[in-house]
Amino acid sequence: GHEDEIVRKLNESFKFKLADIPCIEDIELGEDRFIVDRLVYENTIGSLMSESNGGKSWIAMSMADHIARGEDWLGFKVEQRDVLYLDRENTTRAIKKRRRKMGLKRNLQLTIVTNQPLKEGCPTASEFELDSQIVEEWVEEHRGGVIFVDTMIRWLPDGLKENSNEDMNRYLRTASKLRDKYGVTVIFLHHSGKGESTKEFRGA
């Protein structure tokens, strides 16, 4: 009858049927590709966590610099990628002193953005939200690159709350879109909680 005809046309309009979805075990994905061997996978979203003042920024800056140079890091093999380091946690002076103490030199494949302009007319962290045009331009030019976000809580847009599952999911979806569209890897620095029940991850 008429209803059957409607159903038939609807079925024909679908691009595929559930039965057409292949078994996941039959999909050939190839071997995992690491940016930092066994620590950082390419095209993923990850996190580096510790309590406040636990050394996250030191570790992340050292790792970021070695990724940008393509040099082994603490004995782990590294595949070179361009790196964008977004830092609202530390001052420009603190970052520069920290890099000097670690013996890190000028690195043209590493872009560091802080809250303070590095020179007149230079953009600051306020312009580098993950959903901003300037970040999209960077990832488009540096496909497969790595973005460090120091720290997640400092980069949450106004109005979003750390303890809200909905807000955190909305923020992480922004990173997911960059990953899926441009193949970038995003690493969030995040504070762990101080109580026994919250030491793994603070917030939602």
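**Entry 1: the largest pocket**

I looked up which element gives the most to the lining of the largest pocket, and I found α3, with five residues. α3 spans 92-101, and β5 (110-113) also supplies at least two residues of this lining. I noted that helices (H or I, at least four residues) and strands (E, at least two) are DSSP runs numbered from the N terminus. The model is predicted: local features need pLDDT of at least 70, side-chain atom pairs count only at pLDDT 80 or more, and totals for chains, interfaces and linings use all residues. Residues are numbered from 1 along each chain as its sequence is written, and side-chain values use heavy atoms, with hydrogens and water left out.

The largest pocket holds about 710 Å³ of space. Of its 20 lining residues, R106, N107, L110, I112 and L118 are the closest to the centre. I recorded the terms as follows: on a 1 Å grid over the protein atoms alone, a cavity is a set of points where a 1.4 Å probe fits but cannot get out, whereas a pocket is an open set with protein on both sides within 12 Å along at least five of seven lines; lining residues have an atom within 4 Å of a point. A volume is the space filled by probe spheres set on the points, which are joined across faces, edges and corners.

By class, I read ten nonpolar, four polar and six charged residues in the pocket lining. Here Ala, Val, Leu, Ile, Met, Phe, Trp, Tyr, Cys and Pro count as nonpolar, Asp, Glu, Lys and Arg as charged, and the others, Gly among them, as polar.

**Entry 2: the cavity**

I found one cavity of 30 Å³ or more. The largest cavity has a volume of about 30 Å³, and its lining consists of S57, M61, Y85, D87, N90, I95, R98 and D150. α2 (56-69), β4 (83-87) and α3 each give two or more residues to this lining.

**Entry 3: α2 against α3**

I then looked up how α2 and α3 pack: the angle is about 70° and the axes lie 11 Å apart. Axes are lines fitted to C-alpha atoms, for helices over the stretch in contact, and angles run from 0 to 180 degrees between N-to-C directions. The two helices are therefore roughly perpendicular (angles under 35 degrees count as roughly parallel, over 145 as roughly antiparallel, 65 to 115 as roughly perpendicular and the rest as oblique). S57, W58, M61, D65 and R69 of α2 meet I95, R98, R99 and K101 of α3; contact means heavy atoms within 4.5 Å.
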